[in-house]
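Hi,

Here is the structure I promised to pass on. Have a look at it first, and then read my notes below.

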Amino acid sequence: KSKDTKYQNFTILKLNDVYSVYSDGKPYLNIPDKYNSEFTIHSIFTQCKNPKNILLIGGGIVGLLNEILKYDINKVDYVDPDIEFFYLIEPYLDSTLISSLYNKKVNIVECDGRDFVNKTNNKYDVVILFITDPTTLNQNRFFTLEFFYSIKTILTDEGIFSISFTSSEDYFSEELKQYNASIYHTFKKIFPYNIIIPGTKAFIIGAKVDNLITYDYNKLTERY
């Protein structure tokens, strides 16, 4: 099934019990994607001492909201500009994913993510950017110094920010090296305190203060 929305073209393909969604011809997400959703959220949340107020930009219907709601949070603002995508994808979601979208702690905001960040007066303990790679002008504006700085201003003192992008677990072509390096060095200028979680989709988690995010499994075990 394929549909054009105001912002992009979505195509849904089915293989066995998995639906693959493509945005403008590029892989966007798989539904369901329980393992990656669990890995993503728990890897991020263990880096935050007290995650209460959450901002999620993109990725809600893939299962991230469901995993976020396993924590004792107060509220999660889920921002997505393309509400038509919900209507397109809802018939393919299981009951668990649908219920997370209608949970009373979830506030769905139909708005451009960058506009929301620039206008909100809220402060967040965790901000997660979960969109496709910056291969278009529309997506690239989320991976800039200006946007990263805007995120920093809406974080609490011990808040954290996470982005993800295509990477590799082993072999890096020269093009992939340059691509990953460009994103990392841009991120590092605003968030010098950071860690990288490698994989075919890598994550960078940044904080405003030192001695918060860590690779130390003993500290992470205490928090988790």
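Let's start with a lysine: K49 is partly exposed, at 49% relative accessibility. (Buried means under 20% relative accessible area, exposed over 50%, and partly exposed in between, using a 1.4 Å probe and protein chains only.) Before going on, note that this is a predicted model, where local features need pLDDT of at least 70 and side-chain atom pairs count only at pLDDT 80 or more, while totals for chains, interfaces and linings use all residues. Residues are numbered from 1 along each chain as its sequence is written, and side-chain values use heavy atoms, with hydrogens and water left out.

Back to K49. What does K49 form a salt bridge with? The partner is E158, with the closest N and O atoms 3.9 Å apart. (A salt bridge here is a side-chain nitrogen of Lys or Arg within 4 Å of a carboxyl oxygen of Asp or Glu.) K49 sits in the loop between α1 and β5 while E158 is in strand β9, so the pair ties together parts that are 109 residues apart in sequence. (Helices, H or I with at least four residues, and strands, E with at least two, are DSSP runs numbered from the N terminus.) E158 is partly exposed too, with a relative accessible area of 40%.

The whole structure has 7 salt bridges. Another one joins D112 and R141, whose closest N and O atoms are 2.4 Å apart. D112 is in the loop between β7 (106–109) and α5, and R141 is in the loop between α6 (137–140) and α7, so this pair ties together parts that are 29 residues apart in sequence. D112 is buried, with a relative accessible area of 12%, whereas R141 is partly exposed at 25%.

K34 and E38 also meet through their side chains in a salt bridge (3.0 Å, N to O). These two are 4 residues apart in helix α1 (residues 34–45), which means about one helical turn separates them. K34 and E38 are linked with E67 and K70 in a network of salt bridges.

How many disulfides are there? A search of the whole structure finds 0, counting a pair of cysteine sulfur atoms within 2.5 Å as a disulfide. As for the cysteines, C48 is buried at 4% relative accessibility, and C111 is partly exposed at 22%.

Now the inside. The largest nonpolar core has 41 residues, and V21, I31, F45, I61, I68, I128 and I160 touch the most other members. (A nonpolar core is a set of buried Ala, Val, Leu, Ile, Met, Phe, Trp, Tyr and Cys residues joined through side-chain atoms within 4.5 Å.) Helix α3 (residues 84–89) gives the most to this core, with 4 residues. Apart from it lies another core, of 27 residues, including F148 and A202.

F148 belongs to helix α7 (residues 145–153), where F147, S150 and I151 are buried as well. Why are they on the same side of α7? They cover an arc of only 155° around the axis, going by the directions from the helix axis to the C-beta atoms. Among the elements that cover them are β5 (53–57), β8 (124–129) and α8 (174–190).

Finally, find E169 in the loop between β9 and α8. E169 is exposed, with a relative accessible area of 63%. E169 touches G199 and T200, leaving aside residues up to four places away in sequence; contact means heavy atoms within 4.5 Å.

Happy exploring!
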